[in-house]
Amino acid sequence: MASTNAGETGADTERQPELKRVLGWKLLLLFIVGDILGTGIYALTGQVAGEVGGAAWVPFLVAFAVATLTAFSYLELVTKYPQAAGAALYVHKAFGVHFVTFMVLFTVMSSGITSSTTASRAFAVNMLTAFGGGDSPDPTSPVLFAVAAAFLLVVMLINFRGVAEGVGTNVVLTLVELSGLLLVLFIGYWFIIGGNAAHWDAVVIFESPDDKNAFIAVTAATSLAFFALVGFEDSVNMAEECKDPVRIFPKVMLSGLAITAAIYVLIAICAVAIVPVGMLAESETPLVDVVQTAAPDFPMSDLLPWISMFAVANTALINMMMASRLIYGMAKRGVLPRFLAYVHPKRRTPVVAIVFTTAVALLLLTYVSHDPDSSIVGLLGGTTALLLLVVFTVVNVAVLVLRKDRVEHDHFRTSTPVAVLGAITCGYLTLPFTGRDPDQYEVAGGLLLVGVVLWALTHWWRRRSGEHAISYDEVPPHQI
């Protein structure tokens, strides 16, 4: 039987206003596509080509297959439990261990905030470059920090204003970044159709450094390419703001993955056919090289800072929306202090969680600005992908554990072999011999250590205040 305190907690939760449901299938699709697309593809194509040679499209295709396996598990869980908090909620329901739930929560939150913070710096760099006539700003410039910090505050205000405003902004930003990639495809394939692709034969050639065999080379490149397809999982944290999550999530998430995978594969083929692989691998802006080779008079280098500015702005907005909903969802269930679940009665947005995640991002931005080495930012990005792959592995296991938990409504169901294969493939991509930078494991270990410390503090807070995680039987039926 639930304790009195637990019953009061459930009542408090019931009295809280719910999040506003405004996301239909069109807005959700643009949310997912905008989250997956980003400035990473502008540089990632060259890195992948450096690992496997001309067949750079293969790792993107493999990464899409691995991501889709995990997407099936997410779809079963989000349609079974259409609530905010995503992976942390699923792990909490599957295993019921506060420490494990908190670490998954911390890992996913860290990925969102780290991505948003690095995006804010990239936004500031691109903005100052665009307005500075193409000259990159000094990495230690206080103006750079000020612009990045102001950008995070603007994102916070959009997030607080409401999910409709946030998603509306996402629609505009997604269309801009999508237009940049479609521009590359149009110019590139017009050049290829004209019979000018001097390196078309290279598209099917494997050529890896250090004499790696094809399997190891593709695995290493897939670890890179997988980062480009990360983002589909953020959408499940918006489940409480979808109009009909059980019905629309399956077709929308799979469609979003298919659209972005097709764009990435077509861009990889186009790039290798037009620009020599060696040049792509060494270039910091490979897609600019593609356009300038195919259309020398087109001012792609002038347009790129503007396109990148919109792309990173979208990344930051989506990840901050995700992180705040994650904090809100788990605070509502007592995994975090309950004041973080406060919903503004008029805006119906998780205002305290929004302020909290913005404060953490500003602190991280301050830290990065003191040591703005671009390799550190890249290392954090790779570490984020590593940690998310660990989370994906656990989610694929959780979906099997939760098969014993029956719900009254119909929901999507993945097959057991697909979930098992998803767990195996995601777990495999976390291993050292996939070509991952060893420093990523050190950074991941450091982040997890911080998470352990925060868990201990949270555990102390909950015991001191008398709070505890509520049972899911105590959650009002309309929230399930």
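Leaving aside its neighbours within four places in sequence, with which residues is phenylalanine 226 in contact? In this predicted model, the partners of phenylalanine 226 are Ala63, Val66, Ala67, Leu389, Phe392 and Leu429. Phenylalanine 226 belongs to helix H9, residues 214-229. Its relative accessibility is 1%, so phenylalanine 226 counts as buried, the cut-off being under 20% relative accessible area. Phenylalanine 226 and proline 59 are separated by 167 residues in sequence, yet their C-alpha atoms are 8.2 Å apart in space.

Salt bridges form the next topic. Side chains of opposite charge can pair when their charged atoms come close. The count comes to two salt bridges, listed below.

| glutamate 76 | arginine 403 | 2.9 Å |

In the salt bridge between glutamate 76 and arginine 403, glutamate 76 lies in helix H4 (residues 57-80) and arginine 403 in the loop between helix H15 (374-401) and helix H16 (416-428), so the pair ties together parts that are 327 residues apart in sequence. Both glutamate 76 and arginine 403 are buried. In the other pair, aspartate 244 is partly exposed, with a relative accessible area of 30%, whereas arginine 247 is exposed, at 53%.

After H8 comes glycine 195, whose phi is positive, near 80 degrees.

Conventions:
Residues numbered from 1 in each chain as written. Predicted model: local features only at pLDDT ≥ 70, side-chain atom pairs only at ≥ 80, totals over all residues. Heavy atoms only, no water. Helix = DSSP H or I, 4+ residues; strand = E, 2+ residues; numbered from the N terminus. Buried < 20%, exposed > 50% of the residue type's maximum accessible area, 1.4 Å probe, protein only. Contact = heavy atoms within 4.5 Å. Salt bridge = Lys/Arg side-chain N within 4 Å of Asp/Glu carboxyl O.
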